[in-house]
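Colleague: I would like to learn how to read a model of this kind with some care, one feature at a time. Could you take me through it, giving the general idea before the particular case?

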Amino acid sequence: MKRHLTTTLALATTAALALGACNGGGATSGRTGAAAVDFAATPAKGGTVEVLQNADFSYLDPARGWDGGVNNFYRLVYRTLTTPAPGNAKDPNAIVPDLATGLGTPSDGGKTWTYTLKDGLAFEDGTPITSAEVKFGISRAWDPEIGIGSPYAKNVIAAPHGYAGPYRSGDLPTIETPDATTIVFHLKKPFPEFDAVVGQVNMTPFPKGSGAGDSFIKKIIASGPYKLAAYTPGSLIQLERNPKWDPATDQVRTAKPDAWRFTMGLDPATIDERLLAGQGTDANAIAGTIQASTLPRLQAPQYKDRVLRMSGICTTYMSLNTTKKPLDDVRVRQAINYAVDKAAVQNATGGTQLATIATTVVPTTVAGHKDYDLYPSPGHKGDAEAAKKLLAEAGQSQGFSMVLDIRSQPKMQKQAEAIQQSLKPIGIDVKLNVIDTSKYYETIGTRSQQHDAAITGWCPDWASSAATFIPPLFYGPTITDKGNPNLAQLDDPAINKRIDEVGAMTDLAAANRQWGELDEQVMKLAPIVPLNVEQAVYLPGRNVAGLFASPGAATGGIDFVLVGLRDPDES
Amino acid sequence: MPRYLVGRLAAMVGVLLLVCLFTYAVFFLLSPDPAVQVCGKNCTPERIDQIRANLGLDRPFWTQFLTFLGGLVAGRTYGEGAGAVECAAPCLGYSFQSSQSVTDMIGQRLPVSATIAVGAAVLWLLVGVVSGLVGAVKQGTWVDRVLTGLTLGGLSIPNYVLALVLQYVLVVQLQWLPFPQAVPFGEDPGRWFLNFVMPWIVLAVGYAAAYTRLTRANVIDTLQENFLRTARAKGLAPRLVWRRHALRPALTPVVTVFGMDFAGLLGGALITETVFGLNGVGKMAADSIAKNDQPVIMGVTLLAAFFVVVGNVVVDVVYTVIDPRVRVAA
């Protein structure tokens with residue numbers, strides 16, 4: 001009996017942990033008004049920054065890992081041809097040169113892109129980084145077992161049929177290296193945002209021949225300002241300075257601290273306690289977002305000034321399956337958009353501190369955002385009258401029932417209940433279909449298994465445009481039976497045509513204005529109900545400075561490359 | 001005796017095999033497609049097929065199971081050609097989440113779990129057996145009643161609550177102890193002790209209470225046995241009566257229970273490790289269950305089963321030493 005109880009409790013604790021891990025990734029700009037603590041202060045040189053984490057990073061190998069958390073970490077140890085601008089840049093959404101002297105030069109109608117490498121680049125072992133090493137590192141993306149991270153290299157760069165990476169298939173002829181500093185990419189078809197593609201983490205250079213099999217699982221070869229000093233998977237990562245990194249070649253990373261220590265496997269509540277207490281080296285610590293349950297304690301005067309908020313780049317939304325009756329009627333979908341009480345959903349997400357209400361597809365933190373609200377209601381509490389009118393027009397005034405797919409996770413269940421409540425007055429009976437967290441995306445991404453609606457979220461792959469936001473969610477031709485992100489199954493000829501047109505624009509600033517217009521055009525069809533954008537609430541240690549948000553490198557969270565200590569000698 | 005041992009060992013291997021088969025079957029039949037989990041965001045059906053082939057998930061159950069057993073005994077090779085990865089025996093496979101070798105993961109975390117288990121065991125044995133004896137000797141007095149009350153308290157506080165309360169008082173408020181971290185003994189014995197003492201206490205409280213009751217009840221029972229009355233009637237000194245005749249039979253059940261409890265803990269003290277963020281085997285089990293990381297769950301399950309089965313055999317052998325009545329005729 002005791003054993004059984006133990007197991008049950010353990011599972012409950014585990015579920016809480018999993019939640020904590022999810023919260024860790026999310027999070028723009030930390031402008032908290034007149035805070036006494038200057039988060040943006042320039043740190044001094046030296047000291048060790050402590051990072052407290054619940055979960056380990058996915059992979060140290062950038063060809064394998066690809067998520068908000070690890071991408072941020074990679075920038076400390078790896079460099080790429082381009083990279084998202086540092087968080088303190090004028091436009092933190094921009095893509096800027098890193099290993100390359102400038103952004104790429106397209107030719108051949110945008111099918112060929114040429115980059116030039118800076119001088120004085122080297123790996124931690126002293127091997128110079130030339131175009132050959134960049135090419136080798138990138139070609140690892142084609143290895144079927146290693147290249148499980150970002151899909152962009154494989155999707156965009158041309159490659160011989162059946163090419164399976166440098167270890168199995170040898171040289172990749174579609175990337176040319178005419179000399180040590182020039183690298184030329186041949187694409188499958190023109191891709192105006194190729195600069196964002198070469199900024200993907202799996203574009204990291206590696207010495208030729210290295211990294212086969214599982215050799216980068218525990219050890220790495222650094223090209224950034226830090227190298228791995230110690231790694232205990234799941235528990236500890238220590239970084240020390242990479243003396244072969246030349247700061248003169250790097251305009252992105254300030255690399256103020258001498259070392260980094262990532263302590264992992266900590267209980268989220270314990271992390272909060274440590275941050276609140278700030279004892280010893282915890283004054284030098286940063287962590288992911290605070291737990292909802294800790295928020296009230298931050299009201300105390302001693303913490304108020306230490307709180308830093310950053311808004312995420314992911315939109316949480318409810319998709320409406322346009323292939324199911326009566327959701328195939330745009331008026332019904334619009335009615336639901338009017339009726340949903342977004343304020344209640346925000347409350348369910350953790351309140352105004354942890355989420356802002358969304359009325360658009362693309363959040364404010366991502367380039368291409370346009371501000372509008374097609375389905376307004378006072379206080380975002382829902383407009384049942386407007387909804388009823390639309391339902392009557394659609395011949396649905398008698399109401400109907402629909403099934404909402406949700407994850408077996410307390411937050412999402414509360415969000416679903418808020419939606420359920422707000423649709424009841426207009427006669428829509430929402431039945432909740434709770435799916436196990438581990439099977440959730442697989443189930444809702446399978447056309448034959450998804451129901452009428454689902455709560456989910458979307459984060460763009462880069463923040464410099466909405467090109468990885470609008471097309472995956474609303475482009476008809478790419479709807480697939482399995483692994484389908486277009487949950488609304490929207491296949492509208494006008495939208496498809498506009499996506500093709502805007503995606504082909506080479507003037508990226510103009511394209512971003514068009515993405516904003518397209519965002520609104522999509523929402524006129526109401527394929528989804530944008531719910532909210534989650535925010536991260538941080539409580540950085542008193543001695544930590546250089547805290548800026550990076551939408552591109554850290555999904556809106558703290559950009560590691562600028563962080564350091566105010567006074568490295570204090571602890 | 002040797003024949004008895006050989007029999008026991010054979011039975012032990014049999015039990016472990018069954019545990020293997022059962023765990024494997026459970027995950028094979030009940031869990032979602034691991035290939036989909038490995039695949040992640042922007043997954044294509046082709047990549048799922050590819051992963052399935054790489055992991056051998058496209059092969060029939062028995063083939064997969066026998067390959068797994070083979071790897072456990074003799075090691076195995078994943079993939080082929082330049083991308084091949086050698087997994088030495090005892091190969092438990094690779095984590096679906098992090099591609100780390102499960103054997104390595106366990107190897108790194110077992111010392112943490114063992115440290116917690118050994119420290120807590122010393123503590124609860126000392127406290128539990130001593131207070132049980134005191135309770136039995138002072139049966140019915142106020143001392144006994146206070147002890148009974150304390151044990152009830154100890155048994156009824158969930159250890160995660162105790163953990164958080166202790167952490168708040170000792171670490172946050174009084175600042176006597178640090179937030180626990182798994183500092184190796186070799187690195188700094190002083191810090192090692194300070195970091196582990198709170199987990200030891202938390203884990204030991206419940207056990208100590210149970211052992212107090214167990215010891216007290218057994219001793220009281222034994223004191224009423226005929227052979228003790230005989231010993232006393234013969235005029236044997238009370239101290240000798242206790243040492244030679246009362247303690248041995250009274251503590252035999254304690255040894256049995258201890259063997260099982262301790263062996264179970266070597267497989268990880270799940271709640272204590274999780275609450276304090278100590279990366280032992282128990283926390284690994286919790287994390288892998290949350291992420292549905294089958295190879296890791298398999299590895300931890302087998303490890304725990306191994307300790308329990310071995311613990312059982314050890315207890316039986318120890319039994320024959322301390323209790324002449326159960327000695328097997330050779």
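**Reading the model**

Modeller: Among contacts in chain B between residues at least 6 apart in sequence, 64% join residues at least 24 apart, where two residues are in contact if their C-beta atoms, placed from the backbone, lie within 7 Å. This is a predicted model, in which local features need pLDDT of at least 70, side-chain atom pairs count only at pLDDT 80 or more, and totals for chains, interfaces and linings use all residues. Residues are numbered from 1 along each chain as its sequence is written, while chains are lettered from A and ligands numbered from 1 in the order in which they are written.

Colleague: What is the mean pLDDT of chain B, and where in chain B is confidence lowest and highest?

Modeller: pLDDT is the predictor's confidence in each residue, on a scale from 0 to 100. For chain B the mean is 84, with 94% of its residues at 70 or more. Helix H2 (residues 34-39) of chain B has the lowest confidence in that chain, a mean of 70, whereas helix H5 (residues 102-137) of chain B has the highest, at 92. For the complex, the predictor gives an ipTM of 0.79 and a pTM of 0.86.

Colleague: How many helices and strands does chain B have?

Modeller: Helices (H or I, at least four residues) and strands (E, at least two) are DSSP runs, numbered from the N terminus. By that count, chain B comes to 13 helices and two strands.

Colleague: What span should helix H6 (residues 142-156) of chain B have, and which of its residues are buried?

Modeller: A residue is buried if 20 or more other C-beta atoms lie within 10 Å of its own, exposed if 12 or fewer, and partly exposed in between, with C-beta atoms placed from the backbone. In H6(B), Leu147(B), Thr151(B) and Gly154(B) are buried. Seen down the helix axis, these buried residues fall within an arc of 60°, so they line one face of H6(B), the arc being that of the directions from the helix axis to the C-beta atoms. On the other side of H6(B), the exposed residues are Trp142(B), Gly149(B), Leu152(B), Gly153(B) and Ser156(B). The cover over the buried residues of H6(B) includes H5 and helix H8 (189-223) of chain B.

Colleague: How many bridges join strand S8 (residues 226-232) of chain A to strand S9 (residues 236-241) of chain A?

Modeller: Two strands pair if DSSP finds at least two bridges between them. Six bridges join S8(A) to S9(A), and the two run antiparallel; Lys227(A) has Glu240(A) as its bridge partner in S9(A). The two strands form a hairpin with three residues between them, and Gly234(A) in the turn has a positive phi of about 80°. S9(A) also pairs with strand S10 (residues 259-263) of chain A, in the antiparallel sense and over five bridges, with Arg261(A) in S10(A) as the bridge partner of Gln238(A).

Colleague: Where does Thr181(A) lie, and which residues does Thr181(A) touch?

Modeller: Thr181(A) lies in the loop between strand S6 (175-179) and strand S7 (182-186) of chain A. Thr181(A) is partly exposed, because 18 other C-beta atoms lie within 10 Å. Not counting residues up to four places away in sequence, Thr181(A) touches Thr116(A), Leu117(A), Thr130(A) and Ser131(A).
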